[in-house]
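Subject: Structure for your files

Hello,

Here is the structure you are taking over. My notes on it follow below.

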Amino acid sequence: MSPRNQIIGHLDADCFYASAERVRHTGLQHIPLGVLGNQGACVIAKSYEMKAYGVKTGVPIWDAVKLCPHGVYIKRDFHWYEVLSRMMLDYVRTISPKVEYYSIDEFFFDASYLTRQFSGSIYEVARIVQNDILKKTGVPISIGISRSRTLAKLASDYGKPFGCFALLDEDEIARFVEAIDIQEVTGVATRSAIKLSEHGIRTCGDFRRADAKLINKLLTKKGEALWWELHGDAVTPIATQRPMHKAIARGGSIGESTNDPDILQAWLVRNVERLVEAMYWHRYVTNRLSVSLAYKEGRHCSDRCKLPEASNASELILPVAKHLFERCWIRQMRISHMHIIADDLQYLGTHQRSLFVTQSPRLDTLKRLVNDKLGRFKLRSGETLPLVEIYDDDAHQYDICDVYGKSCF
Amino acid sequence: MFGISLLRREVPDELITRHQLRGRITRRTKEADEELLFLDQHCVPVLPVWKDGQLQIFAWGNRNPGSRLPHTNWCLIDSLKEGRWEWLHPVEVCIPASYACDRGVWYLVTEGMRGIIVEEGNRQVVYPLSQQATHYYEVMTRNRRMPVFLGETI
Ligand SMILES: [Mg+2]
């Protein structure tokens, strides 16, 4: 299908963190709700009811309480938000073969297929999708449908909350974007906006009327892409796969340095569980594994080996990691950092299976089945039990980098 | 300044009437569920307690100067563990709550808090348990102590 005929959808959950809390705490409906960051100091997300009192994202809790004294505050829980995010993603994948996971609560998808799957106008079908997602996940979302990503995103923003807006007709597009501030467009930062305003370009309408060559001169190729996008040309395709990683690594500081074999073993298993999860998420298998250790006393040690077959199964990766760990562990020294690295990656399904080894990831599948419903690490290896402080303390931040596409709080 | 609230529909009408709690019914917004307030600043502070399989209302802490019961609203969990309440034969109970408010900050409570009930004559008093606050709780409320919650860490 040529980009000109392509229809792009943008799906964006409405006040996602607050909505996610309402899914599991139904009593929070209609209550001004603020989601606090890990430290309890700042409001990182809020419901529309709290927004109405002037509470903005990022304000300290004590300012928020002054503005909205009867609001209720709750600690963010990325593991839960991720469970819902994946449920939404799974659903969107059933209605479109091309889906881009843009962030924890935003996806772009090829919407050209929608009217083939359901009957009705594109607007009616988008409403069906919206209601299906609400029914299946409990999360209210807004949908924008248009000729390009940039327009679809503007369209989904327009109707919030629970908005649904199809913007396909060329004249309608021109009318719709005319007065929108150019800074509303994702990808136009303050600095770019200043450059544009020096040439009298303040709205999307001004931007569209400007010469594409001028935009290219001011904002480079990326800016020019936006110019085409605002004209309804989908020059930025839906990225169903990010560029392949060179390597995937999990690990880091192990807290207090130690040479206690049980604790080190627990960290090793935990890091392998995280690595296996990350590989599964990106649909990778690895051909080579490395373990790297850093000692409090200042030395580094690492070792690597080739796997007997490309794999993402902990049944294969864990014993190899243990073997590598044993080979580079200096027993009398205290370890401060540990990393497990998988490189020489391939996409799952494209790799050659060995006739003899093949470890099917049965344990991983079971863990995933449970954890997809309850949240990450609810089911985990018993070998990680010595890491009491990591799993018991809900406030820990050790594995926050594993939550894909979250905002950076 | 501490208080909890309980969804009004979770409290039997009879209990509300008997303890004259009707004036404590409130809602945060027009569409929100009704809640029943239990604040330590009420003239007669009381708390809801699950005891003997039913929801009951008890005096919260001891403010009676003539009473031998500890003159406080809270029972430090460490003092309980050290046996300093032993002579009162405390009975551990659950204090259900939907929300709690500490120094003006309302937060969600999943189940409730732990507490103890002690008797003096035919008078029963409930003391919620308190402990050192987590970092998160202390930043959020600026209180260095926090209740002992049922089944969760805040
Ligand atoms: Mg959103």
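A salt bridge here is a side-chain nitrogen of Lys or Arg within 4 Å of a carboxyl oxygen of Asp or Glu. By that criterion B:Arg84 and B:Glu82 form one, with their closest N and O atoms 2.9 Å apart. Both B:Arg84 and B:Glu82 are exposed (exposed means over 50% relative accessible area, buried under 20%, and partly exposed in between, with a 1.4 Å probe and protein chains only).

Please keep in mind that this is a predicted model, in which local features need pLDDT of at least 70 and side-chain atom pairs count only at pLDDT 80 or more, while totals for chains, interfaces and linings use all residues. Residues are numbered from 1 along each chain as its sequence is written, chains are lettered from A and ligands numbered from 1 in the order in which they are written, and side-chain values use heavy atoms, with hydrogens and water left out.

Chain A overall

Chain A holds 15 helices and twelve strands (DSSP runs numbered from the N terminus: helices are H or I with at least four residues, strands are E with at least two). Of its 409 residues, 54% count as buried. The C-alpha trace of chain A spans about 70 × 55 × 45 Å along its principal axes.

The strands

Two strands are counted as paired if DSSP finds at least two bridges between them. An open sheet of mixed pairing is formed by five strands of chain A, in the order β5-β6-β1-β7-β8. Strands β5 and β8 (164-167) of chain A are at the edges with a single partner strand each, so one side of each has no neighbour in the sheet. Within the sheet, β7 (residues 141-146) of chain A pairs with β8(A) in the parallel sense over four bridges; A:Ile143 has A:Cys164 as its bridge partner in β8(A).

Elsewhere, strand β12 (residues 335-347) of chain A runs antiparallel to β9 (residues 247-258) of chain A, joined by eight bridges. Strand β10 (residues 284-295) of chain A is also antiparallel to β12(A), with eleven bridges. The partners in β12(A) are A:Met338 for A:Gly252 and A:Tyr347 for A:Tyr284.

The metal site

What coordinates the magnesium ion? The donors are A:Asp12 (OD), A:Ala13 (O) and A:Asp105 (OD), at 2.2 to 2.4 Å. Donors are N, O and S atoms within 2.8 Å of the metal (3.2 Å for Na, K and Ca), and water is not among the atoms, so sites may look incomplete. A:Ala13 lies in strand β1 (residues 8-13) of chain A and A:Asp105 in the loop between β5 (99-103) and β6 (106-110) of chain A, so this pair ties together parts 92 residues apart in sequence. Both A:Ala13 and A:Asp105 are buried.

Salt bridges in chain A

The search of the whole structure gives 24 salt bridges over all chains. One of them joins the side chains of A:Arg327 and A:Asp303 (2.8 Å, N to O). Because A:Arg327 lies in helix α13 (residues 314-328) of chain A and A:Asp303 in strand β11 (residues 300-311) of chain A, the pair ties together parts that are 24 residues apart in sequence. A:Arg327 is partly exposed at 46% relative accessible area, and A:Asp303 is partly exposed at 21%.

A second pair is A:Asp63 and A:Lys66, at 3.7 Å, N to O. Both A:Asp63 and A:Lys66 lie in helix α3 (residues 61-67) of chain A, three residues apart, or about one turn of the helix. A:Asp63 counts as partly exposed at 32% relative accessibility, and A:Lys66 as exposed at 66%.

Regards
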